[in-house]
Amino acid sequence: MNSETIAAISTALSESGIGIIRVSGSEAVDIVNKIFVSPGGRHILKDVASHTIHYGFIVDPRDESIHIDECLVSVMLSPRSFTAEDVVEINCHGGVFVVKKVLSTVLSAGARLAEPGEFSKRAFLNGRLDLSEAEAVMDVISSKSDSSLKASLNQLSGNISSKIRDIRKDILYNIAFIESALDDPEHISLDGFSEKLYGLLEVWLSEIDKLIRSNDSGRFLREGIGTVLLGKPNAGKSSVMNLLLGEDRAIVTDIAGTTRDTLEEYIRLDDIGLNLIDTAGIRDTDNAVEQIGVERARKAAENADLIIYVVDNSEADSCNVSDVTIGYLDIMKEFSDKKGIVLLNKIDISRDLPDIDFPYPVIEFSAKTGEGFERLKETISDMFYSGIKNDSDEIVITNMRHRQCLEESRNSLINVRNSLDNDMEEDFLSIDLMDAYSSLGKIIGEDIDDDLATEIFSKFCLGK
Amino acid sequence: MDVLKNTLCENYDVVVIGAGHAGCEAALACARLGLETIIFTVSVDSIALMPCNPNIGGSSKGHLVREIDALGGEMGKNIDKTFIQSKMLNVSKGPAVHSLRAQADKQDYARSMRKVLESQEHLTIKQGEVCEILWENIDKNTDPNSILTNGYSDEFSGNSDEKVTNGYNSDNGISYYSSAEKRIIGVRSYTGTTYKCKSVIICTGTYLNARCLCGEAITYTGPNGLQAATHLSDSLKAMGIDLRRFKTGTPARMDGKTIDYSKLSEQKGDERVIPFSFSTDPESVQKEQVSCWLTYTNEETHNIIRANLDRSPIYAGIIEGTGPRYCPSIEDKVVKFSDKDRHQVFLEPEGLYTDEVYVDGMSSSLPEDVQQAMYRTVPGLENCRIVRNAYAIEYDCINAKQLFNSLQFKNVNGLFAAGQFNGSSGYEEAAAQGLIAGINASMYILGREPLVLDRSESYIGVLIDDLVTKDNREPYRMMTSKAEYRLLLRQDNADLRLRKYGYKVGLISRETFDEICEREKLIAAEVDRLKNTFVGASKEVLTFLESVGSTPLTTGVSLASLLGRPEITYENMSVIDKGRPVLDKRVTDQVEIEVRYEGYIERQKKQVEHFKKMETRKIPADIDYDEVPSLRIEARQKLKEFKPLSIGQASRLSGVSPADVSVLLIYLEKRNTH
């Protein structure tokens, strides 16, 4: 069996209370046994029962009198563990230094550092996780926000699998019904079957649509919402920006987007993740020149999921309407397929509102006082996470491969509906029902995908 | 056998054991391919006997007959000569499930087939029981290419024409022979004669250690009171072949003079009969037909059955063999469909020169007195007299997992098996396997690749693949639902699908093959023309559309898209299609189907692509499943036992889950990259 023993830190590397180092593989117990001693100084792990916890110390194997940390060690023997291999977990104190030190001791005792996702890979290969669960683990690892983590964990618990299994079971039953009626028309009648199937198709389609829609939300949960702030100079973009950034200083990454070719900053507002696109550009514009930064921002807006239009409402009382909105309505028309929010900024200066029909939700806002900030968050949340309450157990599709399979199955079911509309004989229905069944099966690995091996290789970086 | 002083010894290429529907096709194929062939039967009078239903074809079985015919088999031709009624079934459904069924004159059918065998060059008919199969161990050290040492490889010319491009398995046929440790060298008959041969085809049907049950009355005979074959089983076991028991049954035959037809609904044949064989002249089969008759069981029938279930050998536990679910006895139907207050019963004449009538739908193993009471509750049968009792028959057969898809045993080179011995049921299923076994026994002797049809190109492929990969716990019956790609596997295009293979192995003539190639071109050209010929909303077109009750046109459309409308046919469209070439109906029928169902056909072809991808992912013969990490124990066992040749085949094994297949795929991928 391929079972090089691997180890990795399996808790977040931060100044938390405890840190966990997970060791998995056929040598896991031996390796940890070398560096773990009981309070009495004995190496006791060799013959312990599965699913037991032991108190003691991680020591330097070259000099066992050096205690690296005091810890609890849990032993879970194959196959009753996450990876279905022998697994030992070391619960040590949570400081970054201590955890790293314990890990390096484990590695020096003979384990190899696990690649990202390698525990899940093993769990998948050992039949402990189905494909969608394994993919969810990958998603968990790369998730950026709490909600995203929640969605992935939800998937991990097999929610998607069981949802998909339910639909598949229903489809299969109906395929079987058609087929048995073909084989045994004497005993199984198809009278009234079309009407019944029509009703079922509507149910399946709406379930699948819901999952697909959740993918949109799921993507936003996972990757954040690509957001652009547009506004004339002095409309207050910078202060809005600062407000957004100031709410939570969690600037997670500065990534030069590979596809977007713009600079993004990721910020988190409660559970909302925003990728502010080209924020540097906006800052520059505000600082430098007296011109509408529309041209530059337009480019950014093309790639955005959300455009926040910052309008200087303090001008509303003195100037005419077109001054307030000049440039805005045009660009709103141009990006009418994007979601947008209008912030009537500087509401603290003037409460008179322009009499304009914006095609978007309008929020009376003050970057200075913070008025309207809560509404902004609510509005974004409603727009992008509709249907997925953060605390609910709603199933969210977070994976592109799953989405593709869902879309394929939707198309097949639509074909079935068309066949019914055209009064096709029942034996034609099973062709497309079968396709739908098999597309759904690919999501959970119950139907074999042509490219599965490739998919898994890329996902789990196998074959290195 | 040593006690026998008989020292007679004869030489053949192929020995066929059994002359039922499998044996006949097997022997004819071998002899037609030029191999000296001998066929054994316990009684020459029982060649091509139809011991059960008096018909050939029917749903999906009709497909098999047409495929047999396309490959160069005999069944279709023989039923065309001897049918007494013919009907295309399911015409109200899609073209995939249309299926031909013909009532046979049983005696005429058997007699006619016997004549064909007797007239066949290179074929010897022998009455007698084969009791021992002779084999030797292959010494792989001294005989590395044992399969190719049969001496014929240079002499045989065959039809290795380059025009046949989608040849089968040209990459790894060798693996069909390489795993065996034994090789066939002959057989010995009960009377002591040795017949040396290179290949044996077992087609023993229901005769091996057979016993018939009619209630408490048990006789140790084959069907119809014929002598059972009681010696061969031991010889097979000695070769390491596992046997099991299956059971099947047949209904009673009534004296037609005692049936009151006035109470029955008449079932006539088609007005225009379509022949089974692609080479039968359609005019030659237009003749007077006899009728079948429909009646029903009722609550009274069911009550009698229920009251006597304890006297049925199956329900009383006397029968150990497993019976077919899809050809159930009336007892089974009453038990399983307890909510149905009646079941169909078809009364079918057994021939023109007998009054016997077959009671289709009421096979049974209940005792004689219960049978009589039960049959007499059925309208029309109130005063019936039973000529032959219904009975169940139990027999030795194999789990066909011991065979390759070529129908050769995995552990014995040159030993093939076909028909009910492989765990199937039905004449057509038997004949199809017989033909393939005959072809492949010949290919083996000639040192050529076996013919293996896959699931995407034929019902025969589905049948054999199901037999050799699935856990069949009861006699296997061909059914439409078992063919995944049935829209492509229609009975109307069997010749277009399979003639090329018949030609390649040498059973189909060059002339016939050329005609198929030509027809394919004509079909493609006409489909193309329809797609590229446009009509507008002219007066002529609108008049036509109105006349067939179709919605008027507003813009120009292609003739092909008009043909997509259900009310428009290729034929009635001729009034608006002036430039139409004169084409044979066999061409235009295909054109119509291809155009009308184009979207479905395309989607099904996509499914086939996916299937083919899996089939072409070969599993190397030297794979060690113990080395594959993470396979579940059950899957590991099944894979080791079955040794699938491709990922596709592995995925169809019972006990191998998709997750196991994924693991296997990953292992192979990894192996390839290293």
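The C-alpha centres of domain 2 of chain B and domain 3 of chain B lie 44 Å apart. This distance, like every value below, is computed from a predicted model. The two domains belong to a division of chain B into domain 1 (9-246 + 396-505), domain 2 (250-392), domain 3 (512-604) and domain 4 (617-673).

### The sheet of chain A

Chain A holds an open sheet of seven strands, arranged in the order 3-4-5-6-2-1-7, in which the pairing is mixed. At its edges stand strand 3 (36-37) and strand 7 (112-113) of chain A, and because each has a single partner strand, one side of each is left without a neighbour in the sheet. Within this sheet, strand 5 (residues 63-76) and strand 6 (residues 87-93) of chain A are joined by five bridges in the antiparallel sense, and A:Val75 has A:Val88 in strand 6 of chain A as its bridge partner. Helix 2 (residues 96-108) of chain A packs on the sheet, where it touches strand 1 (6-9), strand 2 (18-24), strand 4 (52-60), strand 5, strand 6 and strand 7 of chain A, and the direction of this helix makes about 175° with that of strand 1 of chain A.

The loop between strand 5 and strand 6 of chain A contains A:Pro79, and the peptide bond that leads from A:Ser78 to A:Pro79 is cis, with omega near 0°. Most residues other than glycine have a negative phi, and most peptide bonds are trans.

### A three-stranded sheet in chain B

In chain B, three strands form an open sheet with the order 4-6-5 and antiparallel pairing. Strand 4 (55-57) and strand 5 (83-89) of chain B are the edge strands, each of them pairing on one side only, and from one strand to the next the twist averages 20°. Strands of a sheet pair through backbone hydrogen bonds, either parallel or antiparallel. Six bridges link strand 5 of chain B to strand 6 (residues 99-104) of chain B in the antiparallel sense, and B:Leu100 in strand 6 of chain B is the bridge partner of B:Met88.

### Helix pairs in chain B

| Helix pair in chain B | Angle between axes | Axis distance |
|---|---|---|
| Helix 3 (residues 75-82) and helix 4 (residues 106-119) | about 130° | 9 Å apart |
| Helix 2 (residues 61-71) and helix 10 (residues 427-446) | about 25° | 9 Å apart |
| Helix 7 (residues 299-307) and helix 9 (residues 368-375) | roughly 165° | within 9 Å |

The axes of helix 3 and helix 4 of chain B make an angle of about 130°, which means that helix 3 of chain B is oblique to helix 4 of chain B. The crossing in which helix 3 of chain B passes helix 4 of chain B is right-handed. On the side of helix 3 of chain B, the contact involves B:Met75, B:Asn78, B:Ile79, B:Lys81 and B:Thr82, and these meet B:Asp108, B:Tyr109, B:Ser112, B:Met113 and B:Val116 in helix 4 of chain B. Sorted by class, this contact of helix 3 with helix 4 of chain B has five nonpolar, three polar and two charged residues.

For helix 2 and helix 10 of chain B, the angle is about 25°, and the two helices are therefore roughly parallel to each other. Helix 2 of chain B passes helix 10 of chain B in a left-handed crossing. Helix 2 of chain B contributes B:Lys61, B:Leu64, B:Val65, B:Ile68 and B:Leu71 to the contact, while helix 10 of chain B contributes B:Glu428, B:Glu429, B:Ala431, B:Ala432, B:Leu435 and B:Ile436. Eight of the residues in this contact of helix 2 with helix 10 of chain B are nonpolar, none is polar and three are charged.

Helix 7 and helix 9 of chain B cross at roughly 165°, which makes helix 7 of chain B roughly antiparallel to helix 9 of chain B. Their crossing is right-handed. Here B:Thr301, B:Ile304 and B:Ile305 of helix 7 of chain B meet B:Val370, B:Ala373 and B:Met374 of helix 9 of chain B, and the contact of helix 7 with helix 9 of chain B has five nonpolar residues, one polar residue and no charged residues.

Methods
Residues are numbered from 1 along each chain as its sequence is written. Chains are lettered from A and ligands numbered from 1 in the order in which they are written. This is a predicted model: local features need pLDDT of at least 70, side-chain atom pairs count only at pLDDT 80 or more; totals for chains, interfaces and linings use all residues. Side-chain values use heavy atoms; hydrogens and water are left out. Axes are lines fitted to C-alpha atoms, for helices over the stretch in contact, and angles run from 0 to 180 degrees between N-to-C directions. Helices (H or I, at least four residues) and strands (E, at least two) are DSSP runs, numbered from the N terminus. Angles under 35 degrees count as roughly parallel, over 145 as roughly antiparallel, 65 to 115 as roughly perpendicular and the rest as oblique. A crossing is left-handed if the near helix is turned anticlockwise from the far one by less than a right angle, and right-handed if clockwise. Contact means heavy atoms within 4.5 Å. Ala, Val, Leu, Ile, Met, Phe, Trp, Tyr, Cys and Pro count as nonpolar, Asp, Glu, Lys and Arg as charged, and the others, Gly among them, as polar. Two strands pair if DSSP finds at least two bridges between them. Domain bounds come from an automatic or database domain assignment.
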